[in-house]
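Student: I am new to this structure and would like to go through it slowly, with questions and answers. Could we look at it together?

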Amino acid sequence: MTDEIDYEIDAEDLPKRMERRELGSPSVIVDDVHITYRVFGARRGGTTSSKTSLINRAINAGRPDTGPITEVHAVRGVSFVARHGESIGILGTNGSGKSTLLRAIAGVLPPSKGRVFTSAEPALLGVNAALLPKLTGERNITVGGLALGLSAKEVRERTSSVADFAELGDFLYLPMSSYSSGMGSRLRFAISTMQTPDILMIDEALATGDSSFRKKSTERIEEIRDSAGTVFFVSHSLGSVRAMCSRVLWIEKGKLVADGDVDEVCDAYHDFVAGRSNASAGASLR
Ligand SMILES: Nc1ncnc2c1ncn2[C@@H]1O[C@H](COP(=O)(O)OP(=O)(O)OP(=O)(O)O)[C@@H](O)[C@H]1O
């Protein structure tokens with residue numbers, strides 16, 4: 001499908017490419033990681049056989065019936081090593097396992113098999129980053145800053161610069177539920193980077209930013225790389241990945257199909273998506 005690549009960002013809107021840097025020691029080691037979701041109550045394709053469901057029924061007698069269980073094998077044996085100073089783009093078509101992999105690296109989802117080692121606790125910045133819609137922007141900055149391990153004094157000192165970065169204006173004192181999606185994602189980015197994280201993981205969070213915010217956030221990502229941090233960046237925008245990343249991982253159906261040079265992997269991914277979309281257009285004409 002063509003909408004899997006975001007063509008809406010103009011090339012001139014994008015910041016200039018990030019400079020190459022000397023790479024440091026490993027910051028993240030992902031070793032043959034598999035992640036399987038178990039979905040309860042699915043109606044079709046459940047993994048329970050009639051024999052096991054009989055046993056389950058006997059064991060669960062008297063408990064509420066959750067129905068059969070379907071397993072979704074979202075990540076299948078992914079391995080790579082990330083180093084300090086790298087900015088790594090993660091590409092893949094819808095449902096290929098990008099967000100799942102990111103959440104496993106962040107420690108939010110335990111792998112069902114394999115291991116993840118990180119040199120520090122990663123800061124996961126995603127569309128679902130835990131900000132509380134009923135609280136004002138100001139309170140969210142306080143809660144987010146404390147959750148990142150800053151002291152109350154540090155949070156107070158940094159609140160106005162976070163609000164300025166997120167361009168909230170007077171909305172700072174209004175509940176987040178009144179924010180536009182762009183404001184929300186700017187605030188998420190500003191909070192997640194109020195302390196320079198060793199490992200920053202960004203999941204589509206810049207998609208709603210305008211070009212000036214993209215420029216500012218790219219500069220902030222550069223600063224994080226300068227301080228020898230590692231940045232992971234999940235995006236459907238090939239332009240942003242080309243501009244912001246020094247390496248690209250491409251995941252398809254849960255498997256790592258390419259890991260390497262930004263232009264080589266982006267070009268191959270582009271051709272793959274274009275080929276799929278041509279094939280489906282051909283199929284619909286028949
Ligand atoms: N909580 C969940 N429970 C069950 N299955 C899930 C869950 N989250 C994701 N999945 C499934 O795991 C697979 C990978 O999903 P994931 O969100 O990681 O893909 P993605 O590459 O980030 O997709 P997208 O680009 O559409 O955001 C998909 O088949 C999805 O349906």
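This is a predicted model: local features need pLDDT of at least 70, side-chain atom pairs count only at pLDDT 80 or more; totals for chains, interfaces and linings use all residues.

Student: Which exposed residues does the face of H6 turned away from its buried side carry?

Tutor: Helix H6 covers residues 211-226, and its buried residues are Arg214, Ser217, Thr218, Ile221, Ile224 and Arg225. They lie on the same side of H6, because they cover an arc of only 110 degrees around the axis. The face turned away from that buried side carries the exposed residues Ser212, Glu219, Glu223 and Asp226.

Student: Against which elements do the buried residues of H6 pack?

Tutor: An α-helix has 3.6 residues a turn, so residues three or four places apart point the same way. In H6 the buried residues include Ser217, Ile221 and Ile224. Their packing partners, for the buried residues of H6 taken together, are strand S3 (87-91), helix H5 (181-192), strand S6 (199-203), strand S7 (230-234) and helix H7 (238-244).

Student: How far does H6 reach from its first C-alpha to its last?

Tutor: H6 has 16 residues, and at 1.5 Å a residue a span of 22 Å is expected. After the helix comes Ala228, whose phi is positive, near 65 degrees. The reach of H6 in the model is close to the expected value, at 22 Å.

Student: Which residues have the most contacts inside the largest nonpolar core?

Tutor: In soluble globular proteins, nonpolar side chains tend to be buried together. The largest nonpolar core here has 42 residues, and apart from it lies another core, of 11 residues, among them Val162, Phe165, Ala166 and Ala190. Within the largest core, the residues with the most contacts are Ile90, Met201 and Phe233.

Student: With which residues is Phe233 in contact, leaving aside its neighbours within four places in sequence?

Tutor: Phe233 is one of the residues with the most contacts inside the largest core, and Ile90 is another. Leaving aside neighbours within four places in sequence, the contacts of Phe233 are Ser87, Ile88, Gly89, Ile90, Ile202, Val241, Met244 and Cys245.

Student: Is Ala123 buried or exposed?

Tutor: Ala123 lies in strand S5, and beyond the residues up to four places away in sequence it touches Leu148, Ser192, Pro197, Ile199, Leu200 and Met201. The C-alpha atoms of Ala123 and Leu148 are separated by 8.1 Å, although the two are 25 residues apart along the chain. Because 23 other C-beta atoms lie within 10 Å of it, Ala123 is buried.

Student: And what about Lys134, is it buried or exposed?

Tutor: Lys134 is found in the loop between strand S5 (123-126) and helix H3 (137-147). Not counting residues up to four places away in sequence, Lys134 touches Pro175 and Ser177. With 9 other C-beta atoms within 10 Å, Lys134 is exposed.

Student: Which element gives the most to the shell around the ligand?

Tutor: The ligand is surrounded by Tyr37, Val39, Val72, Ala74, Gly92, Asn94, Gly95, Ser96, Gly97, Lys98, Ser99 and Thr100. The elements that give two or more residues to this shell are strand S1 (26-40), strand S2 (69-83) and helix H2 (98-105). By class, the shell has 4 nonpolar, 7 polar and 1 charged residues. With 3 residues, the element that gives the most is H2.

Student: Which residues does His73 touch, not counting those up to four places away in sequence?

Tutor: His73 is found in strand S2, and it counts as partly exposed because it has 14 C-beta neighbours inside 10 Å. Not counting residues up to four places away in sequence, the residues that His73 touches are His34, Thr36 and Gly254.

Student: What is the phi of Lys253?

Tutor: Most residues other than glycine have a negative phi, and most peptide bonds are trans. Lys253 lies in the loop between strand S8 (247-252) and strand S9 (255-260), and with 14 other C-beta atoms within 10 Å it is partly exposed. Its phi is a positive value, near 50 degrees.

Notes
Residues are numbered from 1 along each chain as its sequence is written. A residue is near a molecule or strand if its C-beta atom, placed from the backbone, lies within 6 Å of it. Helices (H or I, at least four residues) and strands (E, at least two) are DSSP runs, numbered from the N terminus. Ala, Val, Leu, Ile, Met, Phe, Trp, Tyr, Cys and Pro count as nonpolar, Asp, Glu, Lys and Arg as charged, and the others, Gly among them, as polar. A residue is buried if 20 or more other C-beta atoms lie within 10 Å of its own, exposed if 12 or fewer, and partly exposed in between; C-beta atoms are placed from the backbone. Two residues are in contact if their C-beta atoms, placed from the backbone, lie within 7 Å. The expected span of a helix is 1.5 Å times one less than its number of residues. The arc is that of the directions from the helix axis to the C-beta atoms. A nonpolar core is a set of buried Ala, Val, Leu, Ile, Met, Phe, Trp, Tyr and Cys residues joined through C-beta atoms within 7 Å.
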